[in-house]
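Here are my notes on the structure you asked me to look over. Keep the picture open while you read, and find each residue as it comes up.

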Amino acid sequence: MAEELGLGYGEAARVETLPDGCRNRPEARARLAARSKACLALTCCLLSFPILAGLSTFLMVGRLQVPGKDCKVRAIPVQESESSPQAVYTPARAKPRAHLTILKQTPMPHLQDQFPALQWEHDLGLAFTKNRMNYSNKFLMIPESGDYFIYSQITFRGTTSECGDISQGKQPKKPDSITVVITKMADHYLQPIRLLTGTKSVCEISSNWFQPLYLAAMFSLEEGDRLMVNVSDISLVDYTKEDKTFFGAFLL
């Protein structure tokens, strides 16, 4: 049989001695070739990925550098972290206030148990009334209940003195004094209420004298209350300067 196949005796012996598993050698080679092709394809894919990435980057950079091209950048919203609520600034409420300056006075007789009231300027020069505070007929009108700071300075001037010389045994003809009263009028009170009172004795040697008298304090007032300033002698009030004689109030 070996002669029919054209094989030598030694070769026939080798064929007969091969194991049975080697008889399927062409199929193994086919599987090995297929596996090699798959590995080659995978290797090509892995090698092409950096090339494609580099090419894409090059194209993008080149597009950004081309002049005349509008590059629209979409803003990415940034989510703000929650924080404690901030205090909102609110301007202070406008409070009633007024500052009045003196006018030239007309001499008036004394009323029963009450000194004459002064007249005031309320909207010229340094004078003003703001935020519902009004002045009418010698009265400063209180528009809102609350605690108010009230102040007044009255400057008096004269040319003679009524005081006698006690050292020479002469007694004064009468007490020479000046008095200022800040008065409140209210609907539920029948009589005026004295809030502040100031008195000074005037005994000057010279023929011309000046005396300022200042009063100030805080009071709780009601809406509708009316304030006025009374003096013992209107003819002695100095009305020549608005910074010498004034009257005012404001809500605290």
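The points below go from the overall layout down to single residues.

1. First things first: this is a predicted model. The protein has two helices and 11 strands.

2. How much of the protein is buried? Buried residues account for 27% of its 252 residues. The protein exposes about 18,600 Å², and carbon and sulfur atoms supply 57% of that area.

3. Take a look at how the chain meets itself. Among contacts between residues at least 6 apart in sequence, 72% join residues at least 24 apart.

4. Now the open sheet. Five strands build it, in the order E4-E5-E10-E7-E8, with antiparallel pairing. E4 and E8 are the edge strands, each pairing on one side only. From one strand to the next, the twist averages 20 degrees.

5. E4 and E5 run antiparallel and are joined by three bridges. Which residue in E5 is the bridge partner of tyrosine 135? That would be leucine 140.

6. Next, the largest nonpolar core, which has 32 residues. The members that touch the most other members are Leu118, Trp120, Ile150, Ile154, Phe156 and Leu227.

7. Tryptophan 120 deserves a click of its own. Leaving out residues up to four places away in sequence, tryptophan 120 touches Leu100, Thr101, Ile102, Leu103, Tyr135, Ile154, Val229, Thr245, Phe246 and Phe247.

8. One of those partners is Thr101, so let's turn to it. Threonine 101 sits in strand E1 (residues 97-102). Is threonine 101 buried or exposed? Its relative accessible area is 2%, so it counts as buried. Setting aside neighbours within four places in sequence, threonine 101 is in contact with Trp120, Glu121, Leu124, Leu126, Ala127, Glu242, Thr245 and Phe246.

9. On to charges. Side chains of opposite charge can pair when their charged atoms come close. How many salt bridges does a search of the whole structure find? It finds four, and three of them are worth a visit in the next points.

10. Arginine 132 and glutamate 144 meet through their side chains in a salt bridge, at 2.6 Å from N to O. Arginine 132 lies in the loop between strand E3 (128-130) and strand E4 (134-136), while glutamate 144 is in the loop between strand E5 (139-141) and strand E6 (146-158), so the pair ties together parts 12 residues apart in sequence. Arginine 132 counts as partly exposed, at 45% relative accessibility.

11. Aspartate 225 and lysine 184 also form a salt bridge, at 4.0 Å from N to O. This pair links distant parts of the chain, 41 residues apart: aspartate 225 is in the loop between strand E9 (209-221) and strand E10 (226-231), and lysine 184 is in strand E7 (residues 177-185). Aspartate 225 is buried, with a relative accessible area of 3%. Lysine 184 has a value of 12%, so it is buried as well.

12. Finally, lysine 244 forms a salt bridge with aspartate 238, with their closest N and O atoms 3.4 Å apart. Lysine 244 is partly exposed, at 29% relative accessible area, whereas aspartate 238 is buried, at 0%.

How values were computed: Residues numbered from 1 in each chain as written. Predicted model: local features only at pLDDT ≥ 70, side-chain atom pairs only at ≥ 80, totals over all residues. Heavy atoms only, no water. Helix = DSSP H or I, 4+ residues; strand = E, 2+ residues; numbered from the N terminus. Buried < 20%, exposed > 50% of the residue type's maximum accessible area, 1.4 Å probe, protein only. Contact = heavy atoms within 4.5 Å. Areas by Shrake-Rupley, 256 points an atom, 1.4 Å probe, with all protein chains shown as cover. Core = buried A, V, L, I, M, F, W, Y, C linked by side-chain atoms within 4.5 Å. Pairing = 2+ DSSP bridges. Axes fitted to C-alpha atoms, helices over the stretch in contact; angles between N-to-C directions.
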